[in-house]
Each structure stands twice: as C-alpha cells, then as structure tokens.
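Here is a short report on one protein model.

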Amino acid sequence: MASTTTTQDSLAAQFAEHRSHLIGVAYRLTGTRADAEDAVQESWFRLAGLDDAGRAGIRDLRAWLTTVVGRICLDRLKSAAAQRERYVGNWLPEPVVTPFGRPVSEDPLDVAVRDDGLRMAALVVLDKLTPEQRVAFVLHDAFSVPFAEIADALGVSVDAARQYASRGRKALADADPAPRVPLDDQAKVLEKFVVALQAGDVRAMTELLAPDVVLIGDSNGKGRTTRQLIVGADKIARFFIGLTSKYPPGVLTGGTPVLVNGDLGVYLAPQPGEDGFFALDEHVQAMTVRDGKIVAIYDVVNPDKLARITRPGDAPS
C-alpha cells in the first residue's frame, strides 16, 4: 500500500510540472477556462488510471499528456459546435482578465496568455476552424506534436492529419490576425479613443480606427451589446457615440484598464440605470491594434463568460 501511495505521489508531482503547459494547450484549443481545466483534470485521471505497463510505455510524459489533452478537447469542440447553433449572436473566447499594472499572477492561465498565440485576435480565427483542423494545427504548429500522434488522437490517417493542419495554417495566414504590439503603444491609442468618445468627436475616433475595423459583441442574449458584426470606422464611431446618450454620463468612458489575454482592454463594472438611462451590464472589452489603429474591438457581456474573471480590486491570487 505504501509503495502504491508513493508511486501515485510521484506521478502527481510529475503531472504538476506540466499542468501550466497543459492549461495553455487546452485553452488554445477550446477558448474557455472551464473546458481547459476540465480537460487537464481528465488527462490526470487517464494517466493515474494506467497500470504499470501502461506508464512504462510512456517515453515522453509531456508529449503524451499534450496528445491526450488534444483528444479530450476534440470531443469538447465537437460538442460545442452543436451548442453554438443555439447561441444568440456572436461567440467570443472566454476572456482571461489580468489587472493592468499589477504583477502578473502565476495562475497557469495568466501565464499561458502571455503567449502571442493566445491573444484574442488569434483565438477568434482558431474558432472558425473545424475541430479537427484546430486540434491538428495547434498540436503540430504550436506544440510540435508529431503527425503520427495527432493522427491517432483524431482517429485518421497521418496524411489526413497533415491536411487538417495545413488547412488550419492557411486559414490563419489568410485571416492575418494582427500581432501583439507593445502595451505602451496600445495605451496611447486607447487613451486617445476614450478622449475622442468623451468629446463626441466622430472624426477623431475614425482616425484611430482602421477603415475595415470590426466590432464583435458576445452576450448570448443575456446583456446589451451588438448582436451583429459592425464593420467600418464611421459606423463603429457613431455606434459608440450613440450609446453615450443611452447610459448615465461618463459610464461608458469610465472603465478600468485591464489586460485581456495579454492585450490592453477595458473593464466596465455593472451600473444601475437612473433618470431614464439604461442600466449598464458588466463588460470586458478588448482591442487589437495594428499600425497605430484599432482593427478589432471585442465586447464580452455574456455573464457566463465573466463569472470567473479577475476583476480590478480583487485580491491577488
């Protein structure tokens, strides 16, 4: 009994060494914290459930666990695809929020989103892939898993696994998500945008927005945001200015800067309605900047996706 306990303790310690890595893999594959954590926990159960012969056959534990997590996430992605058909409006990844200006915690997901591939712009593109394409592309290109192991996880031939990864790679290249720019540069753009919004200056706002900028809202019908994509600098500028007349003065421009998946964003705390103005739902807004202009704005309002975020003022974890 003592020997068995010692073996399990040793195995648990080895698994713990890879947990942060696995959380990053699972979040990049699923786009949600809950699914990522569940997938990693399930991978532990599968490892712990192996007999001595099964464990002896694992040459590289990190690689084995990465592949197992990929297989678990594939099942979750397939299930999520059916659920998305009933989703109201657009779907965005669950944001990972870190207070701006505070030392980043060592929470596995806070650590993972420092990776450029986990910025919101990249995850939005990954979400457009089929489950097989996403798993094959992410496992191979981001984590160097051999195609033979990916094929086994997908239940397809090696050639098919290569094809899935190739299509995912092409989709990402075609979408060309903006790379992460320095936070100081992002802050300058955000500050100018807020000042222009406060002044109701459409021209100043449009000068900070790329011509083909897109605004994506995610509420699942549980909060106020746009349900349709809004595309174009003038349309988005006028949309935001129109909103300022529907909420109490200063509410929309009084948000707190935060990091959202490693990029600068804004947290808007819920506010009650008064004097005929709308009540404000809780929002996490992120943006993507390229060449000094905002190319995408992501507005997450769905309370289910904000239930586990770190809010400004929360005690450090």
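## A buried threonine

T30 is buried, because its relative accessible area is 4%; buried means under 20%, exposed over 50%, and partly exposed in between, with a 1.4 Å probe and protein chains only. The model is predicted: local features need pLDDT of at least 70, side-chain atom pairs count only at pLDDT 80 or more, and totals for chains, interfaces and linings use all residues. Residues are numbered from 1 along each chain as its sequence is written, and side-chain values use heavy atoms, with hydrogens and water left out.

T30 belongs to helix α1, residues 2-30. Helices (H or I, at least four residues) and strands (E, at least two) are DSSP runs, numbered from the N terminus. The T30 side chain reaches two backbone oxygens: that of A26 at 2.9 Å and that of T32 at 3.3 Å. Beyond its neighbours within four places in sequence, T30 is in contact (heavy atoms within 4.5 Å) with D35, A36, C73, L77, W91 and R134.

## Nonpolar cores

A nonpolar core is a set of buried Ala, Val, Leu, Ile, Met, Phe, Trp, Tyr and Cys residues joined through side-chain atoms within 4.5 Å. The largest has 42 residues. Which of them touch the most other members? They are Y27, L47 and I150. At least two residues each come from α1, α2 (33-48), α4 (61-84), α5 (108-112), α6 (120-126), α7 (131-142), α8 (147-154) and α9 (158-175). Another core, of 29 residues, lies apart from it; I241, V251, L264 and I294 are among its members.

Not counting residues up to four places away in sequence, Y27 touches T32, R33, A36, P93, E94, P95, V96, L109, V113, L118, L123 and N261.

## Helix α7

α7 has twelve residues. From first C-alpha to last, α7 reaches 16 Å, close to the 16 Å expected at 1.5 Å a residue; the expected span is 1.5 Å times one less than the number of residues. Nine of the twelve are buried, so α7 is mostly covered. The buried residues are P131, E132, Q133, R134, V135, A136, F137, V138 and L139.

## Pocket and cavities

Both kinds of space are found on a 1 Å grid over the protein atoms alone. A pocket is an open set of points with protein on both sides within 12 Å along at least five of seven lines; in a cavity a 1.4 Å probe fits but cannot get out; lining residues have an atom within 4 Å of a point. Points are joined across faces, edges and corners, and a volume is the space filled by probe spheres set on them.

The largest pocket holds about 620 Å³. Of its 24 lining residues, V124, K128, V214, I216 and Y298 are the closest to its centre. Two or more lining residues come from each of α6, β2 (209-218), β6 (283-290) and β7 (293-300).

There are two cavities of 30 Å³ or more. The largest cavity holds about 40 Å³. Its lining includes R119, A121, R180, D263 and T288.

## Positive phi

Most residues other than glycine have a negative phi.

D176 sits in the loop between α9 and α10 (183-199). Its relative accessible area is 44%, so D176 is partly exposed. N261 has a positive phi near 50° and lies in the loop between β4 (256-260) and β5 (263-268). Is N261 buried or exposed? N261 is buried, because its relative accessible area is 0%.

Methods. Polar contact = N/O pair within 3.5 Å; in protein donor to acceptor, adjacent residues only side chain to side chain.
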